[in-house]
Amino acid sequence: MKKVLTVVFFIAIPAILLAGGGDDAVAQQYFKVTGRHTDLGPRIFNFVILVALLWYLLANPIKEFLKNRRESIANELKEIEQKRQTAIDQKAKAEDEAKEAKVKAVEIVEDAKREAALLEENIKKQTEQELITLEKVYNEKMDIERRKTLKETTKRVLNEGISSEDIPLDAEKIINIVTKEVA
């Protein structure tokens, strides 16, 4: 704004000072030389020549510049549109991948739960089998120990409980003695 006021000031002040036209002697001398009161016609003619020269010299470069500028702006807009479309495509692709990842995550969690359940069931079955096996081994050892104890008891009873005087005993008495000792 300051520049505009400065330019107007430097153009307007001389125009106002010269607009007074208070010097009639200069105007009469101009009329004698040219035969006209003003130089408006030659000034218009000079202006038209100036405009024509400027048009001739600057029209094509200005047109070319404007054409190139228009093309560069159009190319930039195309590039921007392509980048925008690429970004939209990448965003859609990323969203699809995110959805697929979520689905896979849910599947993985479900598979993990199923696998954990299967492992738990297998461990239970193995534990039950081991318990059954241990119980069988325990029962077999108990039978072996019971037989062993029965044999030892029978030997002790026979060795201690039967003397040479008891030999004429009948089988019923021996069974009663052995039964009492075992019980």
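Q: Why does R114 count as partly exposed?
A: Buried means under 20% relative accessible area, exposed means over 50%, and partly exposed is whatever lies in between (1.4 Å probe, protein chains only). R114 has a relative accessibility of 49%, so R114 counts as partly exposed.

Q: What kind of model is this, and how are its residues numbered?
A: This is a predicted model, in which local features need pLDDT of at least 70 and side-chain atom pairs count only at pLDDT 80 or more, while totals for chains, interfaces and linings use all residues. Residues are numbered from 1 along each chain as its sequence is written, and side-chain values use heavy atoms, with hydrogens and water left out.

Q: How confident is the predictor in the protein chain?
A: The score to look at is pLDDT, the predictor's confidence in each residue, from 0 to 100. The protein chain averages 83, and 81% of the residues score at least 70.

Q: What makes a stretch of the chain a helix here?
A: Helices (H or I, at least four residues) and strands (E, at least two) are DSSP runs, numbered from the N terminus. The protein chain has four helices and zero strands, so its elements read α-α-α-α from the N terminus on.

Q: What makes the contact between R84 and E81 a salt bridge?
A: A salt bridge needs a side-chain nitrogen of Lys or Arg within 4 Å of a carboxyl oxygen of Asp or Glu. The closest N and O atoms of R84 and E81 are 2.8 Å apart, so the pair qualifies. By this rule the count comes to six salt bridges.

Q: Which residues does R114 bridge, and how do you know?
A: R114 meets E110 at 3.9 Å, N to O, and reaches D111 with the closest N and O atoms 2.9 Å apart. Both distances meet the salt-bridge rule, so E110, D111 and R114 are linked in a network of salt bridges.

Q: Why are E95, D96, E97 and E100 called a patch of negative charge?
A: Patches take residues with over 30% relative accessible area and no salt bridge; like charges are joined within 9 Å, and nonpolar side chains (Val, Leu, Ile, Met, Phe, Trp, Tyr) within 5 Å. Asp and Glu count as negative, Lys and Arg as positive, and His and the chain ends are not counted. E95, D96, E97 and E100 gather in such a patch on the surface. E100, in helix α3 (residues 40-161), has a relative accessible area of 49%, so it is partly exposed.

Q: Is T179 buried, exposed or partly exposed?
A: T179 lies in helix α4 (residues 171-182), and its 46% relative accessibility is why it counts as partly exposed. T179 and T154 are 25 residues apart in sequence and 9.4 Å apart in space, C-alpha to C-alpha.

Q: How much of the protein chain counts as buried?
A: Of its 183 residues, 2% count as buried.

Note on methods. Accessible areas come from the Shrake-Rupley method with a 1.4 Å probe; for residues, only the protein chains shown count as cover. The place of a charge is taken as NZ of Lys, CZ of Arg, CG of Asp or CD of Glu.
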